[in-house]
Amino acid sequence: MAKTQPVKIKAPRGKLGVLIPGMGAVGTTFIAGVEAIRRGLGKPFGSLTQMATIRLGKRTENRTPLIKDFVPLAKLDDIVFGGWDIFPANAYESALQAGVLDKTLLDQLKKPLAAVKPMKAVFDPAYLHNISGPNIKKKGSKMDKAQALMDDIKQFKKKTGASRLVMLWCGSTEVYHQPASCHQSLKAFEKGLREDDPNIAPSQIYAYAALKLGIPFGNGAPNLTNDVPALDELARNRGVPHAGKDFKTGQTLMKTIVSPGLKARMLGVTGWFSTNILGNRDGEVLDDPGSFKTKEQTKLSVLDYILQPNLYPELYKDIVHVVRINYYPPRGDAKEGWDNVDIFGWLGYPMQIKINFLCRDSILAAPIVLDLVLFLDLAQRAGMKGIQEWLSFYFKAPLTAPGLYPEHDLFIQLMKLKNTLRWMRGEELITHLGLEYYD
Ligand SMILES: NC(=O)c1ccc[n+]([C@@H]2O[C@H](COP(=O)([O-])OP(=O)(O)OC[C@H]3O[C@@H](n4cnc5c(N)ncnc54)[C@H](O)[C@@H]3O)[C@@H](O)[C@H]2O)c1
């Protein structure tokens, strides 16, 4: 494909403030990881922005720079952290409690981590049943709370001297709820905030505060949050990028790696049974049926979109797809997932695949947080606004334009991400046609 004009991208000058509602296992593993990498105590494995290359031009040109040398990203040394949590523990204490990273490593990072103290959270027990904490904003309407968050953000910016900000929800999974009339337009949403509409969840108040201030927003949980017309309207009005939802880690990552392969070879699937044991605070929250339902929705949608049973009814129409998560404290953050996949091949002969993934949830999620922060900041500086579908690569349930089905296939998502970067820099998009090599 022909080259286009490069997009004008502002240089990443000054500090980038990362604001995290929910400083639990994922949030603190991310913060501690960045601090460790800065000091040479670890490597950013799992992060495309830090480790991946991008091919440019023809295969014979041998141009494969690192992504971070190809597009102007913020440097890790320029990142400063802030956040909110319903518990007052600082990032050091919270990371110790999460038990993801070794104490010896955390002790080496104690000073910078202990300095990250969570601001008072916006909380509503109707949206989170299994946990509650004391570090919350108590007074006022939902609009007053949005205003209080905006005041927190302005103070954080002043205190740290950050020139740009990004907000990424790493908070607990809220109970399942569907879009209501207050979510349909910005006007209705702001009325709902003033009138304390029960359909507005805490995560939506954070998203509103960020977008209103022109700050890019991403959602790492399966909550509805920014997946509503009102907040997309706000993002577009303010010229801000946003993305979501639910970090693609663990079992769903495996599913989106394996299922495109089965479909590529036209192998049928009759059933996919997935079960997990998980013992961290996320597992405790997901033990509540309301929060689990939110998670189940994003986990279940993946196979339908990848396998396209409407196009291939003989192969995929009647798949039995079951997802279970069991809270099992002894395992902490070290989740174990089992998948049993019943497949069939030539003449319908059945076969089985078993996947037993002993993963570390937050170790898989932290590099996603880093990449999303850096790419959302890049998108903002490149003047991209509204839903950022090119970041689907990182999500279980990617946001898309209304009426457009999401692309779940990890490899298509990766191609889309890299082609978007090529497009930004005015490089040829890569189609893999490759006929020119044989002319
Ligand atoms: N770990 C993964 O691999 C992974 C993958 C996909 C999605 N997620 C999602 O990311 C989120 C974080 O996961 P985790 O393992 O860090 O969970 P966690 O329970 O360790 O951390 C969540 C934190 O959010 C805080 N919180 C809850 N409500 C809040 C509010 N209204 N304002 C501010 N803070 C609030 C909690 O107190 C807790 O400290 C969850 O929603 C989870 O489902 C995680």
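An open sheet of seven strands runs in the order S3-S2-S1-S4-S5-S6-S11 with parallel pairing; strands are DSSP runs of E with at least two residues, helices are runs of H or I with at least four, and both are numbered from the N terminus. Two strands count as paired if DSSP finds at least two bridges between them. The edges are formed by strand S3 (119–120) and strand S11 (386–387), each of which pairs on one side only. Strand S1 (residues 15–21) and strand S4 (residues 162–169) pair in the parallel sense over five bridges. Val18 has Val166 in S4 as its bridge partner.

The model is predicted: local features need pLDDT of at least 70, side-chain atom pairs count only at pLDDT 80 or more, and totals for chains, interfaces and linings use all residues. Residues are numbered from 1 along each chain as its sequence is written.

The protein chain is assigned domain 1 (15–247 + 363–424) and domain 2 (250–358), with bounds that come from an automatic or database domain assignment. The centres of the two domains, taken over C-alpha atoms, are 26 Å apart. Their contact takes 27 residues from domain 1 and 28 residues from domain 2, where contact requires C-beta atoms, placed from the backbone, within 7 Å. The side of domain 1 that touches domain 2 has 14 nonpolar, eight polar and five charged residues. In this classification Ala, Val, Leu, Ile, Met, Phe, Trp, Tyr, Cys and Pro are nonpolar, Asp, Glu, Lys and Arg are charged, and the others, Gly among them, are polar.

The largest nonpolar core has 104 residues, and those with the most contacts inside it are Leu168, Leu211, Val369 and Leu372. Such a core is a set of buried Ala, Val, Leu, Ile, Met, Phe, Trp, Tyr and Cys residues joined through C-beta atoms within 7 Å; buried means that 20 or more other C-beta atoms lie within 10 Å of the residue's own, all placed from the backbone. H15 gives the most to this core, with twelve residues. Both domain 1 and domain 2 give residues to this core, so it lies between them.

Of the 36 residues around the ligand, Gly22, Gly24, Val26, Ala221 and Arg281 come nearest, a residue being near if its C-beta atom, placed from the backbone, lies within 6 Å. H15 gives the most to this shell, with four residues.

Definitions and conventions. A residue is buried if 20 or more other C-beta atoms lie within 10 Å of its own, exposed if 12 or fewer, and partly exposed in between; C-beta atoms are placed from the backbone. Two residues are in contact if their C-beta atoms, placed from the backbone, lie within 7 Å.
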